[in-house]
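Hi,

Here is the structure I promised to pass on. Have a look at it first, and then read on for what I found in it.

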Amino acid sequence: MYIIGIAGGTGSGKTTVVRKIIESFRGNQNVAIIPQDSYYNDTTHLTMEERRQINFDHPDAFDWKLLIKQIKQLRNGEAIEQPTYSYIESNRQKETIHIEPCEVIIIEGIMALWRKEMRDLMDLKIFVDADPDERLIRVIQRDVVERGRTAQQVIDRYLKVLKPMHLEFIEPTKRYADLIVPQGGHNKQAIDIMRTYIHHRLP
(Lines give C-alpha, C1' and ligand atoms only; values in the text may rest on other atoms or scores of the structure.)
Protein backbone atom coordinates (compact mmCIF):
# COMPACT_ATOMS: atom_id res chain seq x y z
CA MET A 1 0.00 0.00 0.00
CA TYR A 2 1.19 3.50 -0.90
CA ILE A 3 -0.23 6.39 1.13
CA ILE A 4 -0.15 9.92 -0.29
CA GLY A 5 -1.00 13.07 1.63
CA ILE A 6 -2.13 16.12 -0.34
CA ALA A 7 -2.47 19.41 1.52
CA GLY A 8 -2.90 23.05 0.51
CA GLY A 9 -5.07 26.06 1.16
CA THR A 10 -8.79 26.21 0.44
CA GLY A 11 -9.23 26.70 -3.31
CA SER A 12 -5.61 25.83 -4.11
CA GLY A 13 -6.51 23.12 -6.61
CA LYS A 14 -6.09 20.01 -4.45
CA THR A 15 -9.13 18.31 -5.94
CA THR A 16 -7.82 18.85 -9.48
CA VAL A 17 -4.44 17.40 -8.55
CA VAL A 18 -6.11 14.38 -6.94
CA ARG A 19 -8.27 13.83 -10.03
CA LYS A 20 -5.26 13.94 -12.35
CA ILE A 21 -3.35 11.48 -10.18
CA ILE A 22 -6.32 9.09 -10.22
CA GLU A 23 -6.55 9.32 -14.00
CA SER A 24 -3.04 7.91 -14.31
CA PHE A 25 -3.95 4.84 -12.23
CA ARG A 26 -7.03 3.73 -14.15
CA GLY A 27 -6.78 0.12 -15.18
CA ASN A 28 -3.62 -0.43 -13.13
CA GLN A 29 -4.14 0.18 -9.43
CA ASN A 30 -7.06 0.55 -7.07
CA VAL A 31 -7.19 4.02 -5.51
CA ALA A 32 -9.16 5.24 -2.50
CA ILE A 33 -9.66 8.92 -1.67
CA ILE A 34 -9.93 9.90 2.00
CA PRO A 35 -11.18 13.52 2.17
CA GLN A 36 -10.19 15.17 5.42
CA ASP A 37 -13.44 17.18 5.26
CA SER A 38 -15.33 13.95 6.01
CA TYR A 39 -13.69 13.91 9.43
CA TYR A 40 -15.00 17.14 10.89
CA ASN A 41 -16.15 16.60 14.47
CA ASP A 42 -19.67 15.34 15.06
CA THR A 43 -21.70 18.38 16.15
CA THR A 44 -25.08 16.73 16.57
CA HIS A 45 -25.30 18.04 20.13
CA LEU A 46 -25.07 21.66 18.93
CA THR A 47 -27.74 23.93 17.49
CA MET A 48 -27.42 25.15 13.93
CA GLU A 49 -26.47 28.60 15.19
CA GLU A 50 -23.74 27.10 17.37
CA ARG A 51 -22.43 25.06 14.45
CA ARG A 52 -22.15 28.18 12.32
CA GLN A 53 -19.84 29.70 14.92
CA ILE A 54 -17.31 26.84 14.62
CA ASN A 55 -13.99 27.69 13.02
CA PHE A 56 -13.78 24.86 10.49
CA ASP A 57 -10.32 26.02 9.40
CA HIS A 58 -8.74 25.32 12.78
CA PRO A 59 -7.10 21.97 13.61
CA ASP A 60 -9.50 21.49 16.54
CA ALA A 61 -12.41 21.18 14.10
CA PHE A 62 -11.25 17.72 12.98
CA ASP A 63 -11.73 14.30 14.54
CA TRP A 64 -8.03 13.37 14.32
CA LYS A 65 -8.47 10.29 16.47
CA LEU A 66 -10.96 8.70 14.05
CA LEU A 67 -9.06 9.77 10.93
CA ILE A 68 -5.74 8.34 12.13
CA LYS A 69 -7.43 5.18 13.41
CA GLN A 70 -9.08 4.51 10.03
CA ILE A 71 -5.89 5.17 8.03
CA LYS A 72 -4.09 2.67 10.24
CA GLN A 73 -6.92 0.17 9.71
CA LEU A 74 -6.60 0.49 5.93
CA ARG A 75 -2.85 0.10 6.14
CA ASN A 76 -3.37 -3.07 8.19
CA GLY A 77 -5.69 -4.50 5.53
CA GLU A 78 -8.99 -3.72 7.25
CA ALA A 79 -11.99 -2.09 5.59
CA ILE A 80 -13.46 1.10 7.11
CA GLU A 81 -16.74 2.97 7.22
CA GLN A 82 -15.72 6.50 6.22
CA PRO A 83 -17.98 9.21 7.68
CA THR A 84 -19.72 11.70 5.44
CA TYR A 85 -20.26 15.40 6.05
CA SER A 86 -22.85 17.98 5.02
CA TYR A 87 -21.69 21.57 4.45
CA ILE A 88 -25.31 22.67 4.46
CA GLU A 89 -26.04 21.22 7.91
CA SER A 90 -22.47 21.76 9.18
CA ASN A 91 -22.52 18.27 10.63
CA ARG A 92 -21.64 14.64 10.07
CA GLN A 93 -24.29 12.52 8.37
CA LYS A 94 -25.70 9.15 9.37
CA GLU A 95 -24.56 7.59 6.10
CA THR A 96 -21.04 6.19 5.77
CA ILE A 97 -18.94 5.09 2.78
CA HIS A 98 -17.44 1.60 2.78
CA ILE A 99 -13.75 1.73 1.84
CA GLU A 100 -11.72 -1.39 1.19
CA PRO A 101 -7.93 -1.48 1.52
CA CYS A 102 -6.29 -0.84 -1.84
CA GLU A 103 -2.93 -0.17 -3.45
CA VAL A 104 -3.06 3.63 -3.29
CA ILE A 105 -4.64 5.72 -0.51
CA ILE A 106 -4.86 9.50 -1.03
CA ILE A 107 -5.56 11.64 2.04
CA GLU A 108 -6.65 15.09 0.84
CA GLY A 109 -7.39 18.14 2.94
CA ILE A 110 -6.26 21.58 4.03
CA MET A 111 -4.43 20.16 7.04
CA ALA A 112 -3.43 16.75 5.74
CA LEU A 113 0.19 17.51 6.69
CA TRP A 114 -0.50 19.32 9.96
CA ARG A 115 -0.30 16.45 12.44
CA LYS A 116 2.96 14.49 12.76
CA GLU A 117 1.19 11.21 13.48
CA MET A 118 -0.58 11.59 10.14
CA ARG A 119 2.58 12.53 8.26
CA ASP A 120 4.34 9.48 9.64
CA LEU A 121 1.75 7.26 7.93
CA MET A 122 2.44 8.79 4.50
CA ASP A 123 4.86 7.58 1.84
CA LEU A 124 4.61 10.83 -0.12
CA LYS A 125 3.62 14.29 1.11
CA ILE A 126 2.44 16.92 -1.38
CA PHE A 127 1.55 20.58 -0.88
CA VAL A 128 -0.57 22.22 -3.58
CA ASP A 129 0.18 25.94 -3.76
CA ALA A 130 -1.65 28.82 -5.44
CA ASP A 131 -1.78 32.61 -5.30
CA PRO A 132 -4.17 33.95 -2.62
CA ASP A 133 -6.30 35.87 -5.15
CA GLU A 134 -6.76 32.74 -7.26
CA ARG A 135 -7.77 30.74 -4.19
CA LEU A 136 -10.31 33.39 -3.19
CA ILE A 137 -11.92 33.36 -6.64
CA ARG A 138 -12.21 29.56 -6.56
CA VAL A 139 -13.66 29.61 -3.05
CA ILE A 140 -16.30 32.17 -4.08
CA GLN A 141 -17.24 30.13 -7.17
CA ARG A 142 -17.45 26.89 -5.17
CA ASP A 143 -19.24 28.11 -2.04
CA VAL A 144 -21.89 30.10 -3.91
CA VAL A 145 -22.79 27.15 -6.12
CA GLU A 146 -22.25 24.18 -3.79
CA ARG A 147 -22.75 25.54 -0.27
CA GLY A 148 -25.51 28.10 -0.63
CA ARG A 149 -23.49 31.15 0.44
CA THR A 150 -23.52 34.63 -1.04
CA ALA A 151 -20.36 36.13 -2.52
CA GLN A 152 -20.24 38.68 0.32
CA GLN A 153 -20.51 35.94 2.94
CA VAL A 154 -17.60 34.11 1.33
CA ILE A 155 -15.45 37.26 1.18
CA ASP A 156 -16.21 38.12 4.82
CA ARG A 157 -15.32 34.58 5.91
CA TYR A 158 -12.13 34.66 3.85
CA LEU A 159 -10.92 37.85 5.53
CA LYS A 160 -11.96 36.90 9.06
CA VAL A 161 -11.20 33.17 9.07
CA LEU A 162 -9.69 31.58 5.97
CA LYS A 163 -6.78 33.97 5.46
CA PRO A 164 -5.54 34.12 9.08
CA MET A 165 -6.01 30.36 9.57
CA HIS A 166 -4.16 29.67 6.33
CA LEU A 167 -1.20 31.75 7.45
CA GLU A 168 -1.15 30.23 10.94
CA PHE A 169 -1.84 26.55 10.30
CA ILE A 170 -1.75 25.62 6.60
CA GLU A 171 1.07 27.57 4.99
CA PRO A 172 3.63 26.39 7.61
CA THR A 173 2.98 22.72 6.70
CA LYS A 174 4.58 23.39 3.32
CA ARG A 175 7.95 22.66 4.93
CA TYR A 176 6.90 19.03 5.52
CA ALA A 177 6.10 18.39 1.85
CA ASP A 178 8.25 16.15 -0.32
CA LEU A 179 6.86 17.95 -3.36
CA ILE A 180 5.32 21.41 -3.72
CA VAL A 181 3.03 21.92 -6.71
CA PRO A 182 2.75 25.63 -7.59
CA GLN A 183 -0.21 26.82 -9.69
CA GLY A 184 -2.35 23.97 -8.40
CA GLY A 185 -3.81 21.60 -10.94
CA HIS A 186 -2.60 23.72 -13.86
CA ASN A 187 1.02 22.70 -13.36
CA LYS A 188 1.23 19.86 -15.87
CA GLN A 189 4.98 19.38 -15.50
CA ALA A 190 4.81 18.96 -11.71
CA ILE A 191 1.88 16.55 -11.99
CA ASP A 192 3.71 14.47 -14.61
CA ILE A 193 6.77 14.27 -12.34
CA MET A 194 4.53 13.25 -9.44
CA ARG A 195 2.83 10.52 -11.45
CA THR A 196 6.16 9.10 -12.61
CA TYR A 197 7.55 9.14 -9.07
CA ILE A 198 4.51 7.31 -7.67
CA HIS A 199 4.41 4.68 -10.41
CA HIS A 200 8.08 3.87 -9.92
CA ARG A 201 7.44 3.09 -6.27
CA LEU A 202 4.44 0.85 -6.79
CA PRO A 203 4.80 -2.92 -7.21
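This is a predicted model: local features need pLDDT of at least 70, side-chain atom pairs count only at pLDDT 80 or more; totals for chains, interfaces and linings use all residues.

How many bridges join β2 to β5, and do they run parallel or antiparallel? There are 5 bridges between β2 and β5, and the two strands run parallel.

The protein has an average pLDDT of 88, and 97% of the residues score at least 70. Of the elements, helix α3 (residues 64-75) has the highest mean pLDDT, at 97, while helix α5 (residues 132-146) has the lowest, at 78.

Now the sheet. It is an open one made of 5 strands, ordered β2-β5-β1-β6-β7, with parallel pairing. The edges are taken by β2 (31-35) and β7 (179-181); each has a single partner strand, so one side of each has no neighbour in the sheet. On average, neighbouring strands here are turned by 20° against each other, direction ignored.

As a reminder, strands of a sheet pair through backbone hydrogen bonds, and this can happen in a parallel or an antiparallel way.

Ile 4 has Ile 106 of β5 as its bridge partner. Over at β7, strand β6 (residues 124-128) is joined to it by 3 bridges, and the two run parallel. There, Phe 127 is partnered with Ile 180 of β7.

Is β5 buried or exposed? In β5 (residues 104-108), 5 of the 5 residues are buried, so the strand is largely enclosed by the rest of the structure. That goes for both faces: Val 104, Ile 106 and Glu 108 are buried on one side, and Ile 105 and Ile 107 are buried on the other. Note that a glutamate, Glu 108, is among these buried residues.

The other element to look at is helix α6 (residues 151-170). With 20 residues, a straight helix at 1.5 Å a residue would reach 28 Å, but the end C-alpha atoms of α6 are only 23 Å apart. Where is the kink in α6 centred? It is centred on Tyr 158, and the kink is about 50°. Tyr 158 is also one of the buried residues of α6, along with Val 154, Leu 162, Met 165, His 166, Phe 169 and Ile 170.

Cheers

Note on methods: Residues are numbered from 1 along each chain as its sequence is written. Side-chain values use heavy atoms; hydrogens and water are left out. Two strands pair if DSSP finds at least two bridges between them. Helices (H or I, at least four residues) and strands (E, at least two) are DSSP runs, numbered from the N terminus. Axes are lines fitted to C-alpha atoms, for helices over the stretch in contact, and angles run from 0 to 180 degrees between N-to-C directions. pLDDT is the predictor's confidence in each residue, from 0 to 100. The expected span of a helix is 1.5 Å times one less than its number of residues. The bend at a residue is the angle between axes fitted to the seven residues ending there and the seven starting there. Buried means under 20% relative accessible area, exposed over 50%, partly exposed in between (1.4 Å probe, protein chains only).
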